[in-house]
Amino acid sequence: MRFYRPTFELAALQQPQDRLVSKLGGLPWGFPQARWPACPDCGYPMSMVAQLEHDPPMIDLGSTGGVLHLFFCANLLCLSYGTGGCEAVILRCEEIGHGLTQQPPDEDGSQSINGEVWIAGWEPHDDPVPPEQVSSFYDDGDHMNLPDGIAQPFGFDSRWNTKASGVPYWTGNGVTLDPSSITLPPFEFLLQIHQMVYVDGAPPSPDLAGCTVSIYREIAGETEWQHHAPAKPTAASSPMSIIAEYGAQSYGVDFVNFGSDGTAFVFIDRHSVPPVVRWHWSR
Ligand SMILES: [Zn+2]
């Protein structure tokens with residue numbers, strides 16, 4: 001099946017944002033302040049996970065297009081672990097204003113703002129999943145019986161676990177779909193986002209990136225780590241960190257906390273007007 005893998009650039013290395021760009025983390029561009037979602041369980045303002053423009057065939061928000069926003073509850077003490085704390089808002093292009101929208105502080109006056117990467121482009125890929133096996137990706141029993149080369153064509157390599165279209169590559173916990181909330185059809189798989197995404201190039205310095213940069217190397221069978229913290233801590237708390245192998249020409253950006261190694265799975269019902277998006281994350 002055809003799917004699309006985004007390429008990313010680190011927002012901290014770009015010019016200040018002056019227009020709508022599709023991105024993960026950070027603050028949304030032109031999002032109406034009054035519509036900032038609060039967690040239904042703990043009441044804390046949610047943190048943005050993604051702002052994605054209608055960009056078919058990669059991000060197809062249906063015939064009316066628009067801009068998709070994913071928010072989640074980043075409060076570690078909140079019990080809305082999973083679906084309850086995951087919100088999706090689709091706005092029409094004309095509802096998008098100008099400038100970055102500030103995240104409201106929580107009751108302690110603090111904020112958790114996710115690390116920010118911009119989508120630079122999309123690469124098309126094909127996997128060996130045949131059309132007749134697509135339905136098996138939405139039933140845990142059927143999915144368990146799929147050959148590994150079909151269920152996980154690229155292993156559990158997180159580089160392949162951020163993708164749009166095709167079928168979901170589930171985590172080791174299998175199909176974590178709640179059929180009472182997301183029924184296929186009318187819902188269809190839109191995209192998935194692993195909490196670690198990859199950027200080409202050598203890792204930036206911690207001061208430029210604004211987060212800890214950890215470099216590892218294998219020496220005589222042992223993994224040796226060096227952690228470099230920025231000289232000046234950032235204003236808002238952020239789960240972001242950068243991890244790279246010594247000498248590698250790409251680096252991992254751990255931009256959000258989905259339970260330390262989780263993946264978000266996002267589904268869309270394009271038959272509703274406006275379309276409805278529901279999502280959850282799982283490890
Ligand atoms: Zn919450």
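The conversation below goes through some ring pairs and charges over rings in this predicted model.

Visitor: What makes the pair of Phe154 and Trp160 stacked?
Guide: The ring centres of Phe154 and Trp160 are 3.8 Å apart and the planes stand at 5°; centres within 6.5 Å make a pair and planes under 30 degrees apart count as stacked, so the label follows. By this rule the count comes to 16 aromatic pairs.

Visitor: Why is the pair of Phe154 and Tyr169 called tilted?
Guide: The centres of Phe154 and Tyr169 lie 6.1 Å apart and the planes meet at 50°, and because stacked needs under 30 degrees and edge-to-face over 60, the rest count as tilted.

Visitor: Which parts does the pair of Phe154 and Tyr169 tie together?
Guide: Phe154 belongs to strand E7 (residues 153-156), whereas Tyr169 is in the loop between strand E8 (163-164) and strand E9 (188-194), so the pair joins parts that are 15 residues apart in sequence.

Visitor: How do you know whether Phe154, Trp160 and Tyr169 are buried or partly exposed?
Guide: Buried means under 20% relative accessible area, so Trp160 with 16% counts as buried, and Tyr169 with 1% is buried as well. Phe154 has 25% relative accessibility and therefore counts as partly exposed.

Visitor: What makes Arg159 a charge over the ring of Tyr198?
Guide: Arg159 lies over the face of Tyr198, at 4.0 Å from the ring centre, where the cut-off is within 6 Å. The charged end of Lys163 likewise sits over the ring of Phe3, 4.9 Å from its centre.

Notes: Residues numbered from 1 in each chain as written. Predicted model: local features only at pLDDT ≥ 70, side-chain atom pairs only at ≥ 80, totals over all residues. Heavy atoms only, no water. Phe/Tyr/Trp six-rings, centres within 6.5 Å; stacked < 30°, edge-to-face > 60°. Buried < 20%, exposed > 50% of the residue type's maximum accessible area, 1.4 Å probe, protein only. Helix = DSSP H or I, 4+ residues; strand = E, 2+ residues; numbered from the N terminus. Lys NZ or Arg CZ within 6 Å of the ring centre and 35° of its normal.
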